[in-house]
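Here is a report on a ligand site and its surroundings. Have the structure open while reading.

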Amino acid sequence: MTVPSEKFDVVIIGAGPAGSLAACLLAQRGVSVLVLEKSRFPRFVIGESLLPQSMAYLEKAGLIETVAAASFQVKDGANFSDDHRFTSINFSEKFTEGWSTTYQVQREKFDMLLATEATKSGADVRFECGVTDVTFSEAGVAITGAGPQGPFDIRCRFVVDASGYGRVLPRLLKLDAPSDFPVRHALFTHVEDNLATKKFDRKKILITVHPRHSDVWFWLIPFSEGRSSIGVVVTPERLAQYDGSASDKLWALVAETTELRSLLEEARECRPVAEMSGYSSKVTGLCGPKYALLGNAGEFLDPVFSSGVTIAFKSADLLIEPLTRELAGEVVDWQKDFVAPLKVGVDCFRTFVEAWYRGDLQEIIFNPPADDNPIKKMIVSVLAGYAWDEKNPFVTQSRRYLDVVVAQCV
Ligand code: FAD
């Protein structure tokens, strides 16, 4: 039996970082918000290394103290190794003003915390409520799906798709566009890392480039409590050369490195190795009448610079002002006020990701400009997530500036 229709100003699909932050910010402005989340929380999701820029959005929502009290591992930079070369990036050496530290977070705990804060801010957050259909009419938006109480049919004035890899509106409205990136495969797990006896800085993630194949790279993201997230990104063609289970393949690849293998020699898996393939995604448009897409439901580039959650937060932050105006009856230019500003940082990260897989950015990272060179500070700023700082030429003219620097490296 269908539950009678309820009405909200805004329905948000998905309680990941994009959905929960948007819910917090809208509810704090007095907007009636319902968040429909398919999963039961806490739930595992990949995407554990934040960037300092993301702190600005947590701060805006008044969440800094709550996140700080959750004992996540503090992060102050990133280390890069390819077994021959090693570079340490400290986010404090950045060009842009703002936060230079952040956290490495177990997402089950982090996402639960954000969803709880959205509820405290006044949003109605409902778990195990999967949205299956969204229809638009002059009168508004109808959202249907099923939850613990059976099917639901909810009306709202505006729907926000923050369903991440669920891609609810891109599928329903046929918005999917080919990604700019080829299909890549990721294998990942959590380990009891037993790193205490090793020389290892837990405040930095370690990115290891495979010593022979520069398109293969590993992450090691230390959490508090002696655990770490580890994973590898590899092309499907190369992965096909390995036999056995996902775990066998992950550890076979780790065994081909020297430093990472040594660091992980006493590591023990504490969750099954998971796999994801073809996660990069793109859409033909990020908004339309009575809807907008946030975070991964819009575009996802690549995990290499840990930009996913930062972009998800940025999109949520950019949504608030135009949406509040639209709900007040104003005509909003969504391209100008939402899409164009979001694109600045997404395009910058896209250029950095392309340069990484071309090998150019690896050359720059392993042969960095001197510490006192402003160019280094500008590159560090982007790596810290400050990809919307238009005072930084590596943001506004990323490709041109990276090309100049790489020409000096080789
Ligand atoms: P999500 O976090 O995916 O949340 C979406 C929510 O929507 C989920 O809870 C889901 O259950 C819910 N949902 C889905 N369908 C429905 C439906 N039909 N109805 C209701 N709810 C629904 N990012 C980083 O910042 N740092 C990293 O280190 C990093 N590492 C990564 C490694 C890999 C291998 C990959 C693939 C990605 C990585 N990312 C990383 C990216 C990160 O996972 C995402 O960018 C981030 O989670 C996006 O947040 P979101 O809120 O848009 O979506």
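In this predicted model, Arg43 reaches the ligand with its side chain: a polar atom there lies 2.8 Å from a ligand oxygen atom. Ser49 places a backbone N or O atom 2.8 Å from a ligand nitrogen atom. Val131 has a polar backbone atom 2.9 Å from a nitrogen atom of the ligand. The table sets out these contacts.

| Residue | Protein atom | Ligand atom | Distance |
|---|---|---|---|
| Arg43 | polar side-chain atom | oxygen | 2.8 Å |
| Ser49 | backbone N or O | nitrogen | 2.8 Å |
| Val131 | polar backbone atom | nitrogen | 2.9 Å |

How much of the ligand does the protein bury? Alone, the ligand exposes 1,000 Å², and the protein buries 96% of that area. The ligand sits in the largest pocket.

**The shell**

The ligand is surrounded by 37 residues. Glu37, Ile46, Arg107, Asn296 and Val309 are the closest. By type, the shell divides into 19 nonpolar, 13 polar and 5 charged residues.

Five elements are listed as giving two or more residues to this shell: α1 (17–28), β8 (130–137), β14 (217–222), α9 (295–298) and α10 (308–327). Of these, α10 gives the most, with 3 residues.

Why does the ligand lie between two domains? Domain 1 (5–75 + 97–178 + 280–345) and domain 2 (185–277) both give residues to the shell, so the ligand lies between them.

**Backbone features**

Two loops carry backbone geometry to check in the model. The peptide bond from Phe41 to Pro42 is cis, and its omega is near -5°. Pro42 is placed in the loop between β2 (33–36) and α2 (53–60).

The other case is Glu128. Its phi is positive, about 55°, although Glu128 is not a glycine. Glu128 lies in the loop that runs between β7 (124–126) and β8.

Definitions and conventions. Residues numbered from 1 in each chain as written. Predicted model: local features only at pLDDT ≥ 70, side-chain atom pairs only at ≥ 80, totals over all residues. Heavy atoms only, no water. Near = heavy atom within 4 Å. Polar contact = N/O pair within 3.5 Å; in protein donor to acceptor, adjacent residues only side chain to side chain. Areas by Shrake-Rupley, 256 points an atom, 1.4 Å probe, with all protein chains shown as cover. 1 Å grid on protein atoms, 1.4 Å probe; cavity = no way out; pocket = protein on both sides within 12 Å on 5 of 7 lines; lining within 4 Å. Sits in = over half its atoms within 2 Å of the grid points. Helix = DSSP H or I, 4+ residues; strand = E, 2+ residues; numbered from the N terminus. Nonpolar A, V, L, I, M, F, W, Y, C, P; charged D, E, K, R; others polar. Domains from an automatic or database assignment.
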